[in-house]
Structures are given as structure tokens and as C-alpha cells.
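Keep the viewer open and try each task before reading its solution.

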Amino acid sequence: MNYPVWEPPLLGGGLIIGLIAILHVFVSHFAVGGGLFLPVTERKAYRDNNPALLEYIRSHSSFFVLVVLVFGAVSGVGIWWSIGLVNPQATATLIHVFVWGWAIEWVFFFVEIAAAFIYYYGWDRLDAQTHLRVGWIYFGAAWASLFVINGILTFMLTPGRWLETQSFASAFFNPGMLPSCLVRTAVSVALAGVYALVTASAVRDVGLRTEVTRYAAKWLLVGALAIPVGGLWYISTLPPMAREISMGGAPAVTIFAGLSLFFSVLVVLFTYFGPYRNPRHFSLTFAFVIAVMALSSTAVTEWVREAVRKPYIIYDYMYANNLRPGEMERICQLGILRSALWVRVHEVDPQALETAGREVFRVECASCHTLNGYNSIRFAVKGWGGPMIDYQLTHLNELKGFMPPFAGTEEERKALGAWLASLGPPPPNLEISPGEKAQTPPLSPEGAPRP
Amino acid sequence: MIPVIPAPVPVPQPAPTWLLQFLLVFTFILHLLPMDFLLGGVVMLTVSAFRGRNDSKHREFARRGARVMPAVVAFAITLGVAPLLFLQLVYGRLFYTSSVLMAWFWLAVVFLVLLGYYGVYWFNLQQEELGRRAAWVVLLTAVIFLQVALVFSMNMTAMLHPEDFYKEFLNGEVGRIFGPLTNSGLARFLHFVVAALAMAGLGTALLSRLWRRDAPEFAAWAHRYGLRWFHAGIGTELLVGLWFLFSLPVQVRGQFLGQSQVGTGLLVAAVLLAIVAVVAARPSLAVSTAAIVGTISLMAVIRHLVRVAYLEPYFDPGSEPVRGQWVVFTLFVLLLVAGIATVAWMLYVFFRPASRTA
């Protein structure tokens, strides 16, 4: 409402953030877990007096640098870029609350990058003990960075006492912070194993490959088995509606939550019966299969985490469309078109209802819905007549708990309805004439008319 | 046209505006140094990669220079995060608006930086294998980073013109409004690019000291070569800077041409320090470096004053309520000191002569 709305066709802003974020999560957790894997394995090589293992971890560190320092760092900045473009109001709020948290994270990020370079270029320049110390500094900074960002991220779903106190401490130490931190640390360890399996499979010497493959599989299994512990704790801190959405309240979210479990179990089974039990037969293709399953698990889990936050972007404080519950009454009285800065019309002209409706859609709906692509609004209203659309808009948050209420005047609601109705005529058997408004069919929980 | 500026969020600023502005300018200076070495460096490496086909000195320079670049890119990005954070806090209402209006171009920066970063690694790790094609790889990388600089220049210029926002919104499609390549935007872009070339030249001269031990003859050449870029860059910058100054609106440039003693004094001091840096470069690289870092710091302050002067009729960043988060701010300062000490220790152990005892 305060900012112009960017409507990327097909993908929509939400999916652009999602795609960047999922890839970033997959790499950034490796940045932490891999940061532990490097010094632990290097120390093991020294202790076991195993130069072949040392050579492996050295070549793994160059892979690590290319993935983490480049893609991890830039995609992290990319999330920031994309949330500022899609949700500027929410981003501005987060920065007002957490600027010193981000500043602290920036210090850790700076130390992390410096340590990674010195570790990577220091194999021949530093003595073993100093090199290991640099490795530990890297891991400490990387984990601390996760700790800080995790607090900001969980705040959005479980802002806890911040809603009353508005203090940094309440915001950061929110109910979801610790369990989520545990889950993310476990995920980091598991992903260290996933990436190590990829590099292990490329080792030429059969003996070393077998040893490193089994060792990497252990990392994956230990990490993966620790995830449910933190996961259950984390779920217990979720707001009731968020839990409900993921457990049947919204079918798509429930399916994705099931997929998250499915892919995670698959990763564990493949790893246990593959590289752990039969490391000699492990191959690069197998490693990629596990990596793709792990990426799928990451993707659906992050998607579910975002979806259960609906209808909010900051729970109980700001809706997904960047409007706040506290300003709804004023908007309903004044009108969304008169409240919004970036609209092409500020009044509803009865002769051009659809034009005003399109503007209302841009301000209230476009942060989640595209016209024809991801979460397509044309598809969502397909087959609905005018009265049905109006009924839905009037009771939006009651019929669909994961959507914010409509904000605006009655005229604006009608205008939005007219524009939505213009997207596609309903099929003849579901057409409802305006005179039949009182006989609107009863609705199923998802809001679709019962047959 | 009436400027359209969003209302502030109903959460107070976590520190007084002066502190946030100080941190914005200070961290921007930290970002400028590696950013200059990166942008100017990839252009210099492109020239040497092509000339190196027939010239062994340039070939050697391309090889050695490429080795340094990944770390330079990493620090340019890392140190760029902080000023962007404080920019969003103080000027977010203008910055988000101009960014959303040019969203496609602004988002492209992420992908361009990613490509450019991998380009730098590719050029470094595969220079031998790439052979003659290596020059094209680094040329493409330079073009990519120049595009990034162009988008930044245009956005940082666009956010100073809230009076144009709504007109652009009405006339264009949100996300595709790049704005006209105004005199001021173009002059700003060239001002930064030429400064980057000069600084990369100085950076080369500084780096040549590290190369003196194993390749004294080449190091002497690189020292002279770097200083040629530095001198030519600063000379050109005096002209481009003048163009930039006179491309600013009268009420803005007036601040630096006598209307304000502070503004005028800062500009004169910055130019004088640049002249000192040029004159001192051959006898003392240390004095020259100190002088040019002084120029850059003063220019960053001047840049901030230009922003304030542009926005003065419409926008007062100090108008938001403040509720200082002093405990966590103190923690930030302490961790910053600890972080700098840790990095300093790592650099010390890295550069001290030591033998591997594995």
C-alpha cells in the first residue's frame, strides 16, 4: 500500500523469493555444516596420520569455497534484494527491529569470509595447528551467523512477546528461536554429509573412496536423525492455526508437509543402504540422487514454513499483503484506493468498475497471486459467478483462514469482484444470476461450492 | 509533480539518525575500497589479457592479478552489505520505492554479481587451459561488473528524485522503469568507474611490493604500470568530477561552490588530497595511499551531503521517532572489535614467514 507493487508474471514475487531462498538455504546450511566437517576431518587425518584423507579434505575445501563463498554469499544477498522488492513494508519493519542483529551478523559474515579464504589459501602457508584454528574460527563465525539469522527468521512466525514489548530481546529470543536453531544446526550437519558424498564419490583411490564415503554417510545420518528432535519441539511452538494449516487445514500445505517427511525419510534410507552399508559401490550418480532428494526436502520444508505463516508475513502483526490488522478499520472506512499511494485511480468509477478492481487486486492480492501463473487468480476464481465471488470476498478470512480479510469499502469490493468475474466466464452449469444471490450454494471448507 | 514518499513504519528507529548516517557513510567507505579494486581491476586485467597475447609482462600481470581477484570480490560484496543495511534504515522509503520501480534491473544485479564472481574464478583457475579465450572471459566479466555499477548508479540517482516517482509510475510498468539515462546518472556512473580505474592502478602498485621478492623485474614494471593508470585515472577524474558537479541542480552544487563553508571546504580538501596523492605516488606510495584514502573518505561524506541537499525539500530522515537499542548496539561494537582483531590475527599468521609442520 505504501510502495508500488511489482508483479512479475507467472512466477510472482513470492516464488522469486522462494526460489532464491531455497537454493540459498541448501548452500548456506552446508556453509555451516561443511565448516564443521573441514576442521573435524582435518584433525582426524592428523590423528590417524592419514595423508590420503588430508589430501581429500584439501580438495574438498576448494569445492567448498567455490560453492559457499560464491553462491552462498551472493544468494544470501539475493534474498535481501528480493524481499525488499516484493515486501518492502515488511522488510522495512524487520530492519527497524533487527538492524543491530543484522549488523552483528555482518561482523560474523566478514570473519567467516576472511577465515574461509585464509583456510583455503593457507594449506601450504600455515602450520597444522594454526590452519586448524582458522578452520574452527570459520565454523564459529558461520554458526554464529546462522544463530542470528535464525532468530530474525523465526520472529516472523512466532514474534511472541515483541507484540507487546516491541523490544529487541523479545523479538530475537522468540518462542521458535531455540528449537529452530537446533533443527537448522542438525540440517547443517546432514548437508555437510550430502556434499561430502558428492566429493567422496569422485575420489579415484578405491580404499580412500570407501573410507570417506562411509564417513560422509555417518555425518548425513547423525544430522538427519537429530532433525526430528528439534522439529517436534519447533512444531510445539507454532501458533495453533499454523499447525492446523500444515495438518489438514489447507490440503496443499498438508501434502507438502507430507512430502517433506517423505523426502527426508528417503534420504535417510538411501544413505543407510547405499553409502553407509555399501560404500564400495557408491557412485557420483548415486550422490547426485541423494543431493536432489535432500534439495527437494529442503524446498518443500521451506515452502511449508512460509505457507503456515499465512495469512501473515509477521504473525499477528502484518498480513502477507503488507497491510496491518491495526489499520484495517481505517482502510475499510476510507477505502484502499484512497489509502494506497501507488494506484492509478483513487475512486471507484461505476462506469469503469474493472479498472478500479484491477488496482485493488494489485494492492491487496498481488503479493501472493499472479494473474495466470503461480497461485493464479484466474484459476482460483474459475467457474465462479459474481455473487459467489462477492460472497467469498466478504468472508475471505473466515472461509480461507490462510488469507487476510478484504480491506476496503463495499464499492471497492464490488469493483474487485467485477474485475475477478471478468477474468473468465463461469461454465453454464455453475452460472448464477445476480437475482439468485440469496440462494448461493453452501460452501465446503475450501470455499468451493458443494456439488 | 508532488513527491510521493511512503509513510514510515510504525516501529521506532533503533538509534539516533546521526549515528545511523555516520555508520552508513563509514561502512560505505569500507566498501568503496575493494569495490574500486574489483571494478578497475577487471578492466585492467581485460586489457592485460588481450595485450598478454604478445607481451609477457602483461601475461604475467593477468596471471598474478587474477589470483587476487576472488578475495577482492568477496570483500567488495561482504563490505557492501553494511552500507546497504543502514541505507535501508535511514532512506528506505525512497530506496525501496526507486528499487521497486526498476525491480527487474535491480534484481538482475544479484545474477550479474553471481556470474561476474564465477567469471573471476574461471579466469583465475583456468587461465592456462582457456588460452586465447581467457581474454574474452575476463572481458565478459568486466562488462558484467560495469553493468552492476550502472544499475547502482541509476538507482542511487533515482532515489534522490521522489518528485519523478509518480510520473514514472503512471507512464511505465512497475519493475521496468529504469529512468532516463540522465546527465547526472551517467556522470555519477563515469565518476565511479574512473575512480575505480585509478584506485586499481594504485592497488597494482601496492601489490607489486609483494611481487618484489620472487620477480623483482616484473614487480618494477607492475609498479610503473599501475601508477600510469593511477595518474591517468586521477587526471581524467578531475574532468569527469567537474562534469558530475555541474550536472547537479544549482541548489545542490551551490553547497560545494561557496554557499556552504563545510561543503566547499570538504570539496577543496578532497581535490587537494588527490593532487597530493598524484604528486607523492612516485617518491612515497604510503603517503600517496594515505592521501587518496583521505580523498575517498571526504568524497563519501560529500556524496552524503549531495543526497541530503537533493532531498532537503521533501524528506527529513530525522523525523522518525527513536528508541535506542543500546545494549545490542554495544554488543555489535564489541563484536566488531573482536571480529577485526580475529581477522587481523589471521592475516598476521598468514603473511608471517612460517613453515608447514603437518
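**Exercise 1: a residue at the start**

Is Leu10(A) buried or exposed?

*Solution.* Before we start, note that this is a predicted model, where local features need pLDDT of at least 70, side-chain atom pairs count only at pLDDT 80 or more, and totals for chains, interfaces and linings use all residues. Residues are numbered from 1 along each chain as its sequence is written, while chains are lettered from A and ligands numbered from 1 in the order in which they are written.

Step 1: get the cut-offs. A residue is buried if 20 or more other C-beta atoms lie within 10 Å of its own, exposed if 12 or fewer, and partly exposed in between, with C-beta atoms placed from the backbone.

Step 2: apply them. Leu10(A) has 11 other C-beta atoms within 10 Å, so it is exposed.

Step 3: find its place. Leu10(A) sits in the segment before α1 of chain A; helices (H or I, at least four residues) and strands (E, at least two) are DSSP runs, numbered from the N terminus.

Step 4: check the backbone. Leu10(A) isn't a glycine, yet its phi is positive, about 65 degrees.

**Exercise 2: another positive phi**

Where is Asp316(A), and how many C-beta neighbours does Asp316(A) have inside 10 Å?

*Solution.* Step 1: look between β1 and β2 (318–319) of chain A, and you'll find Asp316(A) in that loop. Step 2: count. Asp316(A) has 13 C-beta neighbours inside 10 Å, so it counts as partly exposed. Step 3: turn to the backbone, where Asp316(A) has a positive phi of about 65 degrees although it is not a glycine.

While you're in this stretch, find Pro311(A), in the loop between α11 (284–307) and β1 (312–314) of chain A. The peptide bond leading from Lys310(A) to Pro311(A) is cis, and its omega is near 5 degrees.

**Exercise 3: two alanines**

*Solution.* Step 1: take Ala202(A), in the loop between α7 (177–201) and α8 (206–236) of chain A.

Step 1: move on to Ala144(A), in helix α4 of chain A.

**Exercise 4: the overall build of chain B**

*Solution.* Step 1: list the elements. Step 2: size it up. The C-alpha atoms of chain B fill a box of roughly 60 × 45 × 40 Å along the principal axes. A compact globule of 358 residues would have a radius of gyration near 21 Å, and chain B agrees with its 22 Å. That radius is taken over C-alpha atoms, and the globule rule is 2.2 Å times the number of residues to the power 0.38.

Step 2: look inside. Buried residues make up 48% of the 358 residues in chain B.

**Exercise 5: where chains A and B meet**

How many residues does each chain bring to the contact?

*Solution.* Step 1: count. Chain A brings 56 residues and chain B brings 53; two residues are in contact if their C-beta atoms, placed from the backbone, lie within 7 Å.

Step 1: see which elements take part. On the chain A side, α2 (51–86), α3 (88–121) and α4 (128–157) each give two or more residues, and α3(A) has the largest share, with 23 residues.

Step 2: sort by class. The chain A side divides into 41 nonpolar, 11 polar and four charged residues. Here Ala, Val, Leu, Ile, Met, Phe, Trp, Tyr, Cys and Pro count as nonpolar, Asp, Glu, Lys and Arg as charged, and the others, Gly among them, as polar.

Step 3: zoom in on one helix pair. The axes of α3(A) and α12 (residues 326–351) of chain B come within 9 Å and cross at roughly 5 degrees. The two helices are therefore roughly parallel to each other, a label for angles under 35 degrees. Among the residues that meet here are Trp100(A) and Phe110(A) in α3(A), and Phe332(B) and Met346(B) in α12(B). This helix contact has 18 nonpolar, three polar and no charged residues.

Methods: Axes fitted to C-alpha atoms, helices over the stretch in contact; angles between N-to-C directions. Parallel < 35°, antiparallel > 145°, perpendicular 65-115°, else oblique.
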